[in-house]
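The sequence and coordinates are shown first.

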Amino acid sequence: MKLPTVITLILCLAFALSLPGQKAYRDLNKNGRKDIYEDPQAPIGQRVEDLLPRLSLEQKAGLVVGMGMNIPGLSKSERPEKVPGEAGSTYDFPELGIPGIVLADGPAGLRIEPVRDSTSAKTYYCTAFPIATLLASSWDKTLVEEVGAAMGKEVKEYGADILLAPGMNIHRNPLGGRNFEYYAEDPVLSGHMAAAMVNGLESNGVGASIKHFVANNQETNRTTINTIVSERALREIYLRGFEIAVKEAQPWTVMSSYNELNGTYTSQSRELLTTVLRDEWGFRGLVMTDWFAGDDPVAQMRAGNDLIMPGNPGQRKAIMQALENGELDASIMDENVRHILSIVLQTPAFNNYDYSDEPPLKAHAAVARRAAAEGIVLLKNNDALPLGPAAKKVAAFGNGSYAFIAGGTGSGDVNEAYTVSLVEGLEKAARPVDAQLKAIYEAFIQSEKAKQPEKLFFFQLLPPLPEMPLNKEIAEAKAQETDIALITIGRNSGEFQDRNEEGDFYLTEAEKNMIRTVSEAYHAKGKKVAVILNIGNVIETASWQDQVDAIVLAWQGGQEAGHAAADVLLGKVNPSGKLPTTFPISYTDVPSAQNFPGIELPGAGGPRMGGIFYGKPSEVVYEEGIYVGYRYFETFDVETAYPFGYGLSYTSFSYDELEFDPESRTASINITNTGKTAGKEAVQLYLTAPRKTIDKPALELKGFAKTKLLQPGERQTLQITFGEKELASFDPIRSAWIAEAGTYVVKVGASSKDIRAEASFALDEEMVVEKVHKVLLPEKEIDEMTSTVKK
């Protein structure tokens, strides 16, 4: 062979080995061949089976326990962080080419350290996307998948492998501290939104982790609470969304929750993690604990909780001892290791991806802005919006107008480079606010911030700034000088604590006075007042909504929230968001208000855990059963401030020519823009089922679809199909999903209260849709609500 030819071959081989994903071809065994586990073309199952026997018992025990997490005073990583700010990582085996993979928060975008060297101009900021509740308000699966794809791109380009998202627990109670991380009060909406997010994230070749599995609906005593819930409520409300996400998207990972479920920690429940998740639903990925969850690593292994996070050496030691003394069967350990390896072999880390540390943040900001606008819900509008040319002079009241909240705190937080406020958004849209009022608020905010304690940890929720006292003279002066008043009400929440009724769900006295004073002054001049709600979850609106002319629910829209809000206020975007959760008139109207967040158990001893994971032994009984959210309000005809699925537009839509095919369970309906402004409409399909032997709500969401941007007069035919299981209710006596014989009514509408068209069909005979295992039974009898017995 000629020398140039040899050199050429060597150069070509070197180039091939430098390509991402080609690490497998570098390591040749003693026979000069690559091992099967290193071959990306081989089926994943074969690769895992080739690798498994190469691991010693000690290595297997290492792999099922994470490498720790850096939290001052609580936990320390066993090795330097690959990605500063990561939530944790797994054990690595360099001799086999098996890297540790990086897991990172969270639901609104990647959370890592943005500044690593104070002497360098290089930063590592991530995009703060809108909170999950806002994304669900869009009712747009395509949009949510696009957001997920952008999130996943940042995960990959910053060197992480799995994003600990999405969160998808049910909005059982409006005081839940982490509701902003979750999509909805309804499992169908939540499940489809989560599936879209997972598909988007994992399109990048990185993993998602749907969480917190399951019935983790509060922060109070979250590590010690025993959630007592009936088989039916568990199957229909709390498990159903996870089931949809698993079957539609097959996420790489599922994260078990902190709480006990009917007497057993979820991370230690084989009935939950193996019987239901794997045997019934067909989940193929790995299950990990929530951070520091559970109290028995051996029980977690037996349950099918494959990976303990963040992990510590003591847990590895306990597992090794159990293996050596026969308390833990090696075959169980092997199965856990298989699940972990099946994910590790797919990761960017294993495929030696050359991450850039430079994701396209500008492009992602545009995605975030569009998503934030699509999820804004117009709750009220008496000819106040959009702001026309006559409303040139704008007065912005409320601290929140000048300091928007991008998202909640804790693992759902993001270290973004900036957050656009409402005022900034308006100013950049050439609609500046009153300068004098702006100066007054900015001085007040600066003074109050100086009084706040220093934030010690990323998950710490600082107390909110008090609302600036507003006197009548300022309001009257601005009513004289400006054309319209905008008032922003802000709320924040996060991990480790639930919300309060007073001053949180209900407005503070200062906020009530501000709304009243501004409204009286502007209405006296014949001018309008609009309220913008920059909030992460439901608040009370009924007592003050009649005082103002418009209410815009902007939620927490991420770093581009102010731009998105300005886009809607100015009519650049026609609001099309609809509520994924009900706004009650009063907190006491919520069925779970009677038992949230449970009771501490007398005589059960002191706290089980300390520090930030403090919790006392306690229990909460889900006495409302399946009657969560609109299922309760519609069944018992309880008036709401704003019903589930509700949202206004700057235009109007007609619903015509509903057709339903019982064979395919497909509804077809024509949606026409009957107004004068282009807009989109989120269309919802509900089902009212016959009540014979199984109690049922008045109606339940079974599907939804959103139109494209319809021009005035334009029509679009939407089709909504739902599965056979959506006909059925869970019968705990038979451990089966049953569709009873009788007449079913398909209801298509603009909200759970605003049904525009109906069609009916009959089932001549009862249908057993699915038989399942008799598992996860409550420890005690529950005095549960039914449609005829209201608690």
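## Asp731 and its contacts

Apart from its neighbours within four places in sequence, Asp731 is in contact with Ile694, Ala736 and Ile738. The model is predicted. Asp731 belongs to strand β24, which spans residues 729-731. With a relative accessible area of 9%, Asp731 is buried, because that value falls under the 20% cut-off.

## Strand β13 and its partners

Strand β13 covers residues 528-534, and six of its seven residues are buried, so the strand is largely enclosed by the rest of the structure. Strand β12 (residues 484-490) runs parallel to β13 and is joined to it by seven bridges. Within this pairing, Ile489 has Leu533 of β13 as its bridge partner.

β13 also pairs with strand β14 (residues 550-553), again in the parallel sense, over four bridges. Here the bridge partner of Val531 is Ile551 in β14.

## Helix α8

Helix α8 consists of residues 240-249; eight of these ten residues are buried, so the helix is largely enclosed by the rest of the structure. The buried residues comprise Arg240, Gly241, Phe242, Glu243, Ile244, Ala245, Val246 and Ala249.

What do the buried residues of α8 pack against? The helices on that list are α6 (187-202), α7 (231-238) and α9 (270-280), and the strands are β4 (207-213), β25 (736-739) and β28 (767-771). Just after α8, Gln250 adopts a positive phi of about 45 degrees.

In soluble globular proteins, nonpolar side chains tend to be buried together. In this model, the largest nonpolar core contains 167 residues, and Phe213, Phe397 and Leu533 have the most contacts inside it. Helix α6 gives the most to this core, with nine residues. A second, separate core has 46 residues, including Ile308, Leu323, Ile340 and Ile343.

Leu533 is the β13 residue bridged to Ile489. Phe397, leaving aside its neighbours within four places in sequence, is in contact with Ala485, Leu486, Ile487 and Thr488, among others.

Notes:
Residues numbered from 1 in each chain as written. Predicted model: local features only at pLDDT ≥ 70, side-chain atom pairs only at ≥ 80, totals over all residues. Heavy atoms only, no water. Buried < 20%, exposed > 50% of the residue type's maximum accessible area, 1.4 Å probe, protein only. Helix = DSSP H or I, 4+ residues; strand = E, 2+ residues; numbered from the N terminus. Pairing = 2+ DSSP bridges. Contact = heavy atoms within 4.5 Å. Core = buried A, V, L, I, M, F, W, Y, C linked by side-chain atoms within 4.5 Å.
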